[in-house]
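Subject: Structure for your review

Dear colleague,

My notes on it follow.

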Amino acid sequence: EIESGNRVVFIDGNYNRELTTLFDLPKGASVMNFSEALENEIFEQNLAKFVAYDFNGVAALNTAFINQGIFIHVAKNTKVNSPIHILFIGEKETANFPRILFVGETGSEVQIVEQYKRAREATYFTNAVVEVRLADNAKLVHTRVQRESHHAFHIVTTQADLSRASVYDNTNITLGAKLSRHDINLNFNEEGGESWIDGLYLVEGRQHTDTHSRIAHKIKNCTSHQNYKGILDGNSRAVFNGKVFVHKNASGTDAEQSNKNLLLSNNARIDTKPQLEIFNDDVKCAHGATVGQLEEEELFYLLSRGLNEDLARNLLTYGFAEEIINKINFSSIKRH
């Protein structure tokens with residue numbers, strides 16, 4: 001679905017060599033499954049170093065069942081022009097434990113699409129862990145799309161560690177799964193780092209989705225942006241719990257956090273809790289949350305211009321989500 005010559009495919013957690021294509025990788029960029037990476041020194045030095053086996057229960061479960069995953073390494077000053085698309089397909093009633101390890105060296109630049117989708121509406125369990133390490137001045141644009149079966153259970157833990165002046169731009173789109181949860185954690189370890197942690201969740205029926213984030217400003221002069229939006233219909237429920245933690249020596253921190261939600265049904269529910277914990281007074285921090293429904297005046301305005309009610313509601317709903325959708329660089333995902 002992604003316009004790229006670099007695609008890695010897993011079906012029910014198993015690496016599929018026949019469907020994997022890596023045609024557009026420059027010298028200095030390597031993509032390999034874990035069985036191929038066992039003798040790689042960088043792989044050994046970084047695997048399970050950011051998400052430790054005892055990070056939480058589900059991360060421990062993933063680590064216990066580490067078998068097949070994907071290791072991406074981008075060498076110093078290497079730019080990968082074509083995105084790397086990692087596709088996890090759920091087909092059978094299985095428990096799957098995907099793992100992604102990304103290491104971007106100094107001055108590297110790459111785009112990754114991490115996508116979960118269903119082959120059919122089966123009941124299965126996905127428990128994934130994603131580890132990201134960015135060296136000085138490295139940049140990663142990371143798009144994550146979750147379109148699992150509406151009978152599936154989906155849990156992902158993402159951990160990103162940033163170095164001096166590195167940039168991590170993360171966009172999460174949640175559409176599928178009966179029950180889903182994403183824990184995303186980011187550490188600023190050296191000065192000048194910048195991150196975007198954005199997302200859009202669209203749930204309906206009896207779907208439930210959780211987002212839990214923790215952005216740790218451990219050092220001074222780093223910037224974080226977090227903007228999550230949710231659209232809920234039917235009897236669906238969402239939870240957003242975002243925490244920005246500013247340490248004592250993190251002067252010059254600039255942190256923004258926002259969670260806005262649109263309820264299309266009287267039975268939909270959102271529990272939102274953006275948090276700031278600040279231990280330095282030389283910072284610029286802001287956070288907020290909103291929950292609302294479609295404005296009757298805006299709807300009336302469109303109806304008075306000759307639009308039917310369904311189209312008017314669709315336009316207003318799309319307008320609410322457009323800010324996040326416009327961040328996506330891939331036309332196929334945008335269209336969907």
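A residue counts as buried when its relative accessible area is under 20%, and as exposed when that area is over 50%; anything in between is partly exposed. Please note that this is a predicted model.

I begin with Asn 62, which lies in helix H3 (residues 57-64). Because its relative accessible area is 0%, Asn 62 is buried. When neighbours within four places in sequence are set aside, Asn 62 is in contact with Phe 97, Pro 98 and Arg 99, and also with Asn 127, Ala 128 and Val 129.

Next, the nonpolar cores. The largest of them has 42 residues, and the members that touch the most other members are Phe 102 and Tyr 168. Strand S10 (residues 125-134) gives the most to this core, namely four residues. A second, separate core is made up of 18 residues, among them Ile 231, Leu 262, Ala 321 and Ile 325.

Not counting residues up to four places away in sequence, Tyr 168 touches Val 132, Leu 134, Leu 140, His 142, Thr 158, Ala 160, Leu 162, Leu 186, Glu 194, Ser 195, Trp 196 and Ile 197.

I turn now to a pair of helices. Two packed helices are described by the angle between their axes and the distance between the axes. Helix H4 (residues 296-304) packs against helix H5 (residues 309-325) at an angle of about 130°, and their axes are 9 Å apart. H4 is therefore oblique to H5. The crossing of H4 and H5 is right-handed. On the H4 side, the contact is made by Glu 298, Leu 299, Leu 302 and Leu 303, while H5 contributes Glu 309, Ala 312, Arg 313, Leu 315 and Leu 316. Of the residues in this contact, six are nonpolar, three are charged and none is polar.

Finally, two loop residues may be of interest when you inspect the backbone. Ala 165 is not a glycine, yet it has a positive phi of about 60°. Ala 165 sits in the loop between strand S12 (153-162) and strand S13 (167-174). Its relative accessibility is 30%, so Ala 165 counts as partly exposed. Asn 221, likewise not a glycine, has a positive phi of about 60°. The loop that holds Asn 221 runs between strand S16 (208-217) and strand S17 (223-232). With a relative accessibility of 39%, Asn 221 counts as partly exposed.

Yours sincerely,
A colleague

Note on methods
Residues numbered from 1 in each chain as written. Predicted model: local features only at pLDDT ≥ 70, side-chain atom pairs only at ≥ 80, totals over all residues. Heavy atoms only, no water. Axes fitted to C-alpha atoms, helices over the stretch in contact; angles between N-to-C directions. Parallel < 35°, antiparallel > 145°, perpendicular 65-115°, else oblique. Left-handed = near helix turned anticlockwise from the far one by under 90°. Contact = heavy atoms within 4.5 Å. Nonpolar A, V, L, I, M, F, W, Y, C, P; charged D, E, K, R; others polar. Buried < 20%, exposed > 50% of the residue type's maximum accessible area, 1.4 Å probe, protein only. Core = buried A, V, L, I, M, F, W, Y, C linked by side-chain atoms within 4.5 Å.
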